[in-house]
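Subject: Structure handover

Hello,

Here is the structure we talked about passing on.

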Amino acid sequence: MKLRMYLNTHSPSKKIVSVARAEDEDVIASVKEAYQSGLASFLLYGDSKKIRFHLEQFELEENDELKIIHTSADSAALEAVKAVSSGEAHIVMKGMVTTASLLKAVLHKEHGLRTGRVLSHVAAFEIPGYDRLIFITDAAMNIAPDLEQKAQIIENAAQFAIGLGVDTPKVAVLSAVEVVNPSMQATLDAACLMAMNKRGQIKNCLVEGPLALDNAISIEAAEHKGISGDVAGVADILVVPQIETGNALYKSLIYFAKAKVGAVITGARAPIVLTSRADSAESKLFSIALAVRSIS
């Protein structure tokens with residue numbers, strides 16, 4: 001499955017993306033392709049002169065679907081979030097603001113996008129040699145989630161994958177081993193999450209664990225170790241035990257495997273496109289496309 005297929009997503013009413021400080025060449029490059037493909041329209045918050053300069057670089061002009069709203073650097077994040085909170089936009093996107101600034105605005109008591117649920121990062125990878133997208137959570141938000149947080153992280157990722165057309169996502173809770181070891185908290189959590197899923201406490205997906213990475217994504221590896229089940233070898237979603245594992249796996253896929261990726265923050269009232277400033281324009285574009293498709 002290719003991430004680019006989501007660029008052809010169209011809904012009866014075009015989604016509006018609110019960008020916090022759109023004063024960046026790669027941000028505007030992704031905005032241009034998303035806009036010209038009919039994927040979304042945009043509210044561009046930040047320094048109007050700088051934004052207009054970048055638009056002109058890409059031979060774009062401000063119009064009803066590419067609106068520039070001049071704001072200070074300090075207020076851009078909150079103004080972009082307020083646009084989504086008030087219903088003027090459907091998705092908020094990080095531009096040249098820090099993650100902390102954007103999340104502070106998202107969690108604002110009056111104008112934010114809180115739901116009471118855990119916010120979590122979900123990345124969808126197109127990996128050479130695989131016929132499906134592989135989702136990884138959480139590689140960027142939750143440092144060391146406890147059992148309850150992991151349950152919500154799974155539900156967030158499952159809901160996101162379903163929105164992208166995955167029927168009953170198969171979720172592998174990763175650990176270094178495939179058996180429950182009382183000395184390894186990740187294996188205890190995995191076993192509990194699997195039991196919670198079987199008892200209907202985690203819905204709309206199939207959860208198995210603990211599973212090592214090879215047994216989660218390789219049928220041959222799972223069979224070799226005698227591991228059976230509905231998820232072993234064919235997982236759609238990989239749940240990492242903590243952020244270090246997720247961060248290393250995320251970057252390994254990009255730099256070693258040359259995978260393509262799009263990612264969003266889930267668990268809020270609207271998707272949040274929270275890419276790194278080091279991410280390519282293509283990755284930012286895929287993230288926009290996934291956010292749009294997930295709510296279309």
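Predicted model: local features only at pLDDT ≥ 70, side-chain atom pairs only at ≥ 80, totals over all residues.

Aromatic pairs

Searching the whole structure turns up two aromatic pairs. One of them is formed by Phe125 and Tyr250, with 5.2 Å from centre to centre and 80° between the planes, an edge-to-face arrangement. This pair joins distant parts of the chain: Phe125 belongs to strand E5 (residues 120-126) and Tyr250 to helix H9 (residues 243-255), and 125 residues separate them. Phe125 and Tyr250 are both buried.

The rings of Phe135 and Phe160 also form a pair; their planes stand at 90° and their centres are 6.2 Å apart, so this pair is edge-to-face. Here too distant parts of the chain are linked, with Phe135 in strand E6 (residues 134-137) and Phe160 in helix H5 (residues 147-163), 25 residues apart. Phe135 counts as buried because its relative accessibility is 1%. Phe160 has a relative accessibility of 4% and therefore counts as buried.

Helix contacts

For helix H1 (residues 25-36) and helix H10 (residues 281-295), the axes come within 8 Å and cross at roughly 50°. That angle makes H1 oblique to H10. The crossing of H1 past H10 is right-handed. On the H1 side the contact involves Asp26, Val27, Ala29, Ser30, Glu33 and Ala34, and on the H10 side Ala281, Lys284, Leu285 and Ile288. Sorted by class, the residues of the contact of H1 with H10 are six nonpolar, one polar and three charged.

The other contact is between helix H3 (residues 76-85) and helix H4 (residues 99-106), whose axes come within 8 Å and cross at roughly 40°. H3 and H4 are therefore oblique to each other. H3 passes H4 in a right-handed crossing. H3 contributes Ala77, Leu78 and Val81 to the contact, while H4 contributes Ser101, Leu102, Ala105 and Val106. The contact of H3 with H4 has six nonpolar residues, one polar residue and no charged residues.

Backbone geometry

Most peptide bonds are trans, and most residues other than glycine have a negative phi. The following places depart from that.

Which peptide bonds are cis? The bond from Thr137 to Asp138 is cis, with omega near 5°. Asp138 sits in the loop between E6 and H5. The bond from Gly209 to Pro210 is also cis, again with omega near 5°. Pro210 lies in strand E8 (residues 206-211).

Positive phi values occur at Glu59 and Thr168, neither of them a glycine. For Glu59, phi is near 55°. Glu59 is in the loop between helix H2 (48-57) and strand E3 (66-70). With a relative accessibility of 73%, Glu59 counts as exposed, because the cut-off for that class is over 50%. For Thr168, phi is about 45°. Thr168 is in the loop between H5 and strand E7 (170-174). Its relative accessibility is 43%, so Thr168 counts as partly exposed.

A loop residue: Leu119

Leu119 is located in the loop between H4 and E5. Is Leu119 buried or exposed? Leu119 has a relative accessible area of 12%, so it is buried. Leaving aside residues up to four places away in sequence, Leu119 touches Leu103, Val106, Leu107, Asp138, Met141, Asn142, Ile265, Thr266, Gly267 and Ala268.

Regards

Definitions and conventions. Residues numbered from 1 in each chain as written. Heavy atoms only, no water. Phe/Tyr/Trp six-rings, centres within 6.5 Å; stacked < 30°, edge-to-face > 60°. Helix = DSSP H or I, 4+ residues; strand = E, 2+ residues; numbered from the N terminus. Buried < 20%, exposed > 50% of the residue type's maximum accessible area, 1.4 Å probe, protein only. Axes fitted to C-alpha atoms, helices over the stretch in contact; angles between N-to-C directions. Parallel < 35°, antiparallel > 145°, perpendicular 65-115°, else oblique. Left-handed = near helix turned anticlockwise from the far one by under 90°. Contact = heavy atoms within 4.5 Å. Nonpolar A, V, L, I, M, F, W, Y, C, P; charged D, E, K, R; others polar.
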